[in-house]
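Please load the model in the viewer and keep the selection panel at hand.

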Amino acid sequence: MEKNQKINCTVTSCKYNKNQEQECALEQIIVTPIETKETKQPDESMCSSYRNAK
């Protein structure tokens, strides 16, 4: 993976979201499967690095 890769994010409630740029402030994120889903679609996973901004 290239070092200049960006993580785009529009989840405004996440404390790592730089709202103006719609980018994640973390250098890497953890993506985790949702155990109850096997859809082979995006809803099968979630960002485990999410933290509420409050």
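**From the chain to one serine**

Begin with the whole chain of this predicted model: among contacts between residues at least 6 apart in sequence, 22% join residues at least 24 apart.

Next, colour the chain by secondary structure. There are zero helices and four strands, and the order along the sequence reads β-β-β-β.

The chain exposes about 5,100 Å², of which carbon and sulfur atoms supply 48%. Of the 54 residues, 11% count as buried.

Now select the charged side chains. The chain carries 8 positive and 8 negative side chains, and the centres of these two sets are 7 Å apart.

Then move to β4, residues 45-47, and continue into the segment after this strand, where serine 49 is found. Is serine 49 buried or exposed? Serine 49 counts as buried because its relative accessible area is 12%, and the cut-off for buried is under 20%.

Display the surroundings of serine 49. Apart from neighbours within four places in sequence, its contacts are Tyr16, Leu26, Gln28, Ile29 and Ile30. Which backbone atom does the side chain of serine 49 reach at 2.8 Å? Select the backbone nitrogen of isoleucine 30: the side chain of serine 49 reaches this atom at that distance, 2.8 Å.

Methods:
Residues numbered from 1 in each chain as written. Predicted model: local features only at pLDDT ≥ 70, side-chain atom pairs only at ≥ 80, totals over all residues. Heavy atoms only, no water. Helix = DSSP H or I, 4+ residues; strand = E, 2+ residues; numbered from the N terminus. Buried < 20%, exposed > 50% of the residue type's maximum accessible area, 1.4 Å probe, protein only. Contact = heavy atoms within 4.5 Å. Areas by Shrake-Rupley, 256 points an atom, 1.4 Å probe, with all protein chains shown as cover. Lys, Arg positive; Asp, Glu negative; His and termini not counted. Charge placed at Lys NZ, Arg CZ, Asp CG, Glu CD. Polar contact = N/O pair within 3.5 Å; in protein donor to acceptor, adjacent residues only side chain to side chain.
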